[in-house]
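Please examine the sequence and the structure shown below before reading on.

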Amino acid sequence: MIGLKRGTVKLCEHEKDWELEAQDTISRLKRILGNVIKDIQHVGSTSVPSIKAKPIIDIALAVDDFHDILAFERELKDAGFYYRAKPDFGDQLLFASGSFYEGTGDLQTHFIHVVLTNSMDWINYVNFREYLNSTPSAAKEYEALKVSLALQAPAENGREKYLKGKHDFIVYTLRKALVKSYLGKTVDIKIDRPIGSIHPERPGLPYPVNYGHIPHVLGGDGEELDVYLLGVEVPVEEYTARIIGIVHRRNDVEDKLVAAPEGFHYNPKKISEAVRFQEQYYESEIEVYNG
């Protein structure tokens with residue numbers, strides 16, 4: 001089954017045909033758009049085989065410039081992808097398919113979420129899918145929440161209540177998915193608080209390690225994702241290092257990454273000691289990369 005009456009909420013057991021339909025849709029879009037597409041992937045709940053989902057296919061499509069895809073609006077419409085211009089979509093474009101948009105029925109079948117290449121929207125779409133597929137407990141928690149919300153949603157026009165009910169879970173999961181996605185990766189870090197500098201809110205607290213962020217990647221607090229750099233004993237402005245751990249904060253809206261030069265290894269105790277100067281003010285636990 002693919003398609004759902006507009007405005008309604010219905011969850012179905014996962015079907016293998018959803019992935020086949022998603023790949024067919026991706027192929028059709030590639031034929032139309034060619035090199036305009038920088039990346040394109042099946043996302044959303046229908047891309048998570050272990051959970052129930054609304055039978056609507058979500059595709060994330062990355063482009064360098066929105067004008068590039070709008071130039072193909074007529075070709076996309078002819079292929080059944082209708083542009084839905086709305087001001088509340090933020091830095092995204094939406095194309096949709098189904099008999100509702102064709103004017104012949106009331107079904108929605110596909111949503112094509114067009115985002116900018118390497119944007120946080122793109123990162124979030126992919127990370128959410130990857131995190132749920134690699135973390136069964138989170139996937140089942142999400143499914144249970146959706147089932148509960150679907151039962152509470154009115155038969156007609158229940159979609160808004162359903163979406164609002166998922167919001168907090170999605171925000172928290174995206175936060176966890178983001179930091180998890182960096183474990184083991186080598187990243188470029190911009191150091192804005194080098195070793196020996198003074199904490200801006202605690203004048204008596206010098207930084208015993210270099211502390212910075214990954215540029216253009218936003219963490220749970222809406223600011224650029226912070227990184228503790230261990231194993232570098234002199235002040236630096238920039239550094240390329242491997243992410244070896246995560247500081248999961250239980251009483252804050254953000255988590256911190258921990259990086260070190262290639263070949264350096266730290267266990268949770270050593271990381272905890274190194275970052276205690278700041279983490280002593282939070283409840284946290286350390287996760288290390290074991291790859």
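Which element supplies the largest share of the lining of the largest pocket? That share, 10 residues, comes from α7.

## Basis of the report

This is a predicted model, in which local features need pLDDT of at least 70 and side-chain atom pairs count only at pLDDT 80 or more, while totals for chains, interfaces and linings use all residues. Residues are numbered from 1 along each chain as its sequence is written, and side-chain values use heavy atoms, with hydrogens and water left out.

Helices (H or I, at least four residues) and strands (E, at least two) are DSSP runs, numbered from the N terminus.

## The largest pocket

Rolling a probe the size of a water molecule over the atoms shows where empty space is left. Grid points are joined across faces, edges and corners, and a volume is the space filled by probe spheres set on the points.

The largest pocket holds about 1,600 Å³ of space. It is lined by 40 residues, of which His 113, Tyr 125, Arg 159, Leu 163 and Lys 166 are the closest to its centre. At least two lining residues come from each of β5, α4, β7 (110-116), α5 (120-134), α6 (136-152) and α7. By class, 16 of the lining residues are nonpolar, 12 polar and 12 charged; here Ala, Val, Leu, Ile, Met, Phe, Trp, Tyr, Cys and Pro count as nonpolar, Asp, Glu, Lys and Arg as charged, and the others, Gly among them, as polar.

## The second largest pocket

The second largest pocket has a volume of about 310 Å³. Among its 18 lining residues, Arg 193, Tyr 211, Asp 226, Glu 254 and Lys 256 lie nearest the centre. Two or more lining residues are given by each of β8 (186-193), β9 (210-218) and β10 (224-229). The lining has 12 charged residues, together with three nonpolar and three polar ones.

Three of the residues nearest the centre, Asp 226, Glu 254 and Lys 256, also belong to a network of salt bridges that includes Arg 249, Asp 252 and Glu 279.

## Salt bridges

Side chains of opposite charge can pair when their charged atoms come close. A salt bridge is a side-chain nitrogen of Lys or Arg within 4 Å of a carboxyl oxygen of Asp or Glu, and by this rule the count comes to 13.

Asp 255 lies in the loop between β11 (238-249) and β12 (256-260) and Lys 176 in helix α7 (residues 159-182), so the pair ties together parts that are 79 residues apart in sequence. Both residues are buried, a term that means under 20% relative accessible area, with exposed over 50% and partly exposed in between (1.4 Å probe, protein chains only).

In another salt bridge, Glu 285 pairs with Arg 250 at 3.9 Å between the closest N and O atoms. Glu 285 belongs to strand β13 (residues 284-288) and Arg 250 to the loop between β11 and β12, 35 residues apart. Glu 285 is partly exposed at 45%, whereas Arg 250 is exposed at 53%.

Terms used: On a 1 Å grid over the protein atoms alone, a cavity is a set of points where a 1.4 Å probe fits but cannot get out, and a pocket is an open set with protein on both sides within 12 Å along at least five of seven lines; lining residues have an atom within 4 Å of a point.
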